[in-house]
Amino acid sequence: MPAQDVRELRIVGFLCNWCSYGGADTAGVSRFTQPTDLRIIRVPCSGRIDPLFIVRSLMNGADGVLVSGCHPRDCHYAEGNFYARRRLEMLKRFLPITGIDARRFEFTWVSASEGQRWQHVVTEFTRRIHELGPAPTFNPASEADWNTLAVKAGQGQTCPCHG
Amino acid sequence: MSQLDDLKNAIKSHLGELECVIGWEQGYDPLHATPLFIRTEADLERLIIGPLAVHNLVTYLTGFKGKKIGVVVKGCDSKSVIQLLNENLIKREEVVIFGLCCDGVVSQRKIRAALPADPGFVESVDIGASDLKVTVAGQAATLKLAGVLADKCLICATPDAIISDVLIGTAHTPAPAASLACQDEFEAKSDAEKLAFWQETMSRCIRCYACRNACPMCVCRDYCIATSRDPLWISQDNSPAENMMFQMVHVSHLAGRCTECGECERACPVDIPLMLLRRYMNKQVKDVFELQAGTALEQTPPLLTFKVEEERINERGW
Amino acid sequence: MERFITKENLIRLAEELSATCRVLAPVATCGTVTFRRFQPGMTLDLHSRMAAVSPKAATFPQTESLLTVKREIPEKKPEITETLPEGKSVVIGCRPCGARGKLIFNPVYETDKTKDPYFILRRDNTVFISLACDRPETTCFCHSVGSGPADANGSDVLLTLVGEGYVARSVTPAGEDVLKSALFTDAGDKGKEADAKNAKAREMMGEAHDYVSAPEKLLARFDDMDFWQAQSAKCISCGACTYMCPTCYCFNITDDDQGLESRRIRSWDNCMSHTFTLEGSGHNPRPTKAHRLKNRVGHKFSYYPDLHGGVMACCGCGRCIKQCPAGVDIRQIVKAAQEYSE
């Protein structure tokens, strides 16, 4: 969707240098239009990505995080994306218990020649994030919110474990 | 001869070859035990076991590199030993394991909820086979042990140490509950409810790192990224977001390694229900990799390895 | 001045004060009692036990902003704004030991040479309405460090539970102002009952332990690392003790940068952590937990009293003992040093 229609949300992308960054470049060279919300960070390999990068981005206020690497079995460094696949799968499955919508994080595999696929991935993911809206934050936004937090605590907001 | 006598004799026969044996002794009041480092027979006299012996002593093992140590373990603790062995963090020949057949340990929080006055005012405690007679602030109360057992005991599938050099006590046939009601109840909440819960809970976290330091699997110690300045992962700011960030770091680093000993939650001075996060992560590990940390030797932690074809990971068809 | 206030009216007083001040009061959540910003409609937990955390955050918050820096564009001069604390606070329902904490800060944070404006502003604008204790917990030892269950030092008003209300005694002029509220009534005879309760609580604590020899005896153990290794064996070096302590006062200053904005914050530091004395070169004069525990115990019962007229940097609240995941008992450690013989 064109950027001038709606306010841009902050979507962070971690792309591996060899496949996905190349794929994004191919999409650009081929003049495929995509929404401009995505801010790309290039890493040498998806295996370099510490799942905490995604967590830190979300906790810092990113509305969505997209990770993209070479297809498994095609990693430029042979094994990097095998590790990434396991780590990122665990992160995706972990997010729900924290109250963060797991749909705000996605990982996918795009090779250097797949410009069209890249365009599809970015468009789809950005659309999904816009549907979800800006991400809620862990920190109360204002003094009034801090007070509401205090009241909730004061009313003995019941914890399932501790009552 | 009682279980305690059997244990003392077993330790006595090994004491000569060991730097020390880690067990428990009576703590600062009748409701608390505390870790005991046994070096002499005089120290051995103070050893206790039983429902107050909650501490996972395995957390001290990695601090004794190169020395031969004895440690007393309950069923849950023995899983921590196995996990440390699987990760080559301790050597099997450097530890003598005195395993117990455990009947469960108490939760101080549940004791507090069951008593007429705060256990801080305890005067005397009489531990029976299935109950606890507590006199607190002049009032006597009898509590059923089963009602004040720690949550982890209710779902325990390994009450008897699953690795040991000496095993003390009568073996159990465990019949644990399938899952904890509180865990199920929490998982059923909506994203917004869960977020609000953690927002409120993390606002009382003081980032003391008692949870991290009590964890037997946390061995990075002084080099933990949570307190590293370069790179800086977490700000000193004590906001709910930064406090939650630390929990995300801890749980991520424990994925596939956490043996659910529950020490993190027990250590927390402000009673944050940390196990909600860890039990959930463990469920995911079990679902994807079909294994549970600490349950078998020679098991490589799942995130330290890979398979070319992963049966249970969807390859994100987009 | 001595007055009386019913339990209901104490809540009303909190409501009244919260219109103009930040009111902190003990609230139970998830089975634990912490100090929260009071809002009308809240249920307080004043009596089940003392709060898990100390009220020191009122005068020394865990994180406070010292200054903020903003730049418009890189070339312009940065705009620096000092963020001094504003407004007034009231702490209701802390225990005498908690209110005393700031007395330990005073000789350090306000000297002839240095005056910490952040601490001084907060201290001078916070009123402590403390609640005397009915009975000691197994971890209480305030009587051994020059205090007691009804010690008024450090509080502005001291409440003692009598029947369905509290006898309220003012300690400072600020306390007297609080007692002027119409919610307080004449105390009548209740003052005597309050005295009896306070005496009973002190009696229940038993004999005080004498720490007079502690400074010298602890210093005598300074080079004895075997002693400290034995004492610190079960310590897990976390820092719960430090953060819970009403008298611990060390801090860190760090900058939080976000793009063109920065915030300089002061936060609690803790001597049980490895980074406490980690130097830029990588050298650490306190590399092990034995060194660090020696420092903590030494500071409270030896170095501080030596510098500040024999006052122990400890209020005897016992939080460090009951909150310690391993049950490290500072009373035992100091006693071991006092009784040490070759």
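# Briefing: three chains and their contacts

Chain A has five helices and four strands. Helices here are DSSP runs of H or I with at least four residues, strands are runs of E with at least two, and both are numbered from the N terminus. This is a predicted model, in which local features need pLDDT of at least 70, side-chain atom pairs count only at pLDDT 80 or more, and totals for chains, interfaces and linings use all residues. Residues are numbered from 1 along each chain as its sequence is written, chains are lettered from A and ligands numbered from 1 in the order in which they are written, and side-chain values use heavy atoms, leaving out hydrogens and water.

**Chain A**

- Along the sequence, the pattern of chain A reads β-α-β-α-β-α-β-α-α.
- Its C-alpha atoms fill a box of roughly 55 × 40 × 20 Å along the principal axes.
- Ala78(A) sits in the loop between strand S3 (64-69) and H3 of chain A.
- The phi of Ala78(A) is near 75 degrees, which is positive although the residue is not glycine.
- Most residues other than glycine have a negative phi, and most peptide bonds are trans.

**Chain A with chain B**

- Contact (heavy atoms within 4.5 Å) involves 50 residues from chain A and 58 residues from chain B.
- The two chains bury about 5200 Å² between them, and carbon and sulfur atoms give 66% of that area.
- Buried area is the accessible area (1.4 Å probe) that two parts lose on being put together, summed over both.
- Four salt bridges cross this interface. The rule asks for a side-chain nitrogen of Lys or Arg within 4 Å of a carboxyl oxygen of Asp or Glu.
- Arg73(A) and Glu309(B) form a salt bridge, with N to O at 3.6 Å.

**Helix H3(A) against helix H12(B)**

- Helix H3 (residues 80-98) of chain A packs on helix H12 (residues 275-289) of chain B at about 140 degrees, with the axes 9 Å apart.
- Axes are lines fitted to C-alpha atoms, for helices over the stretch in contact, and angles run from 0 to 180 degrees between N-to-C directions.
- H3(A) and H12(B) are therefore oblique to each other. Angles under 35 degrees count as roughly parallel, over 145 as roughly antiparallel, 65 to 115 as roughly perpendicular and the rest as oblique.
- Residues of H3(A) in this contact include Arg86(A), Met90(A) and Phe94(A), and those of H12(B) include Leu277(B), Tyr280(B) and Asp287(B).
- By class, the contact of H3(A) with H12(B) has eleven nonpolar, two polar and three charged residues.
- Ala, Val, Leu, Ile, Met, Phe, Trp, Tyr, Cys and Pro count as nonpolar, Asp, Glu, Lys and Arg as charged, and the others, Gly among them, as polar.

**Inside chain B**

- Helix H8 (residues 191-202) of chain B and H10(B) have axes that come within 8 Å and cross at roughly 100 degrees.
- H8(B) and H10(B) are therefore roughly perpendicular to each other.
- Trp198(B), Gln199(B) and Met202(B) in H8(B) meet residues of H10(B), among them Pro240(B) and Met244(B).
- That contact of H8(B) with H10(B) has four nonpolar, three polar and no charged residues.
- Asp230(B) and Pro231(B) are joined by a cis peptide bond, with omega about 5 degrees.
- Pro231(B) lies in the loop between helix H9 (210-214) and helix H10 (240-254) of chain B.
- Lys283(B) makes a salt bridge with Glu187(B), their closest N and O atoms being 3.0 Å apart.
- This pair links distant parts of the chain, with Lys283(B) in helix H12 and Glu187(B) in helix H7 (residues 181-187) of chain B, 96 residues apart.

**Chain C with chain A**

- Eleven residues of chain C touch 13 residues of chain A.
- About 950 Å² is buried between chain C and chain A, 57% of it from carbon and sulfur atoms.
- Cys30(C), Arg37(C) and Gln39(C) lose the most area on the chain C side, together 51% of what that side buries.
- Between chain C and chain A there are zero salt bridges.
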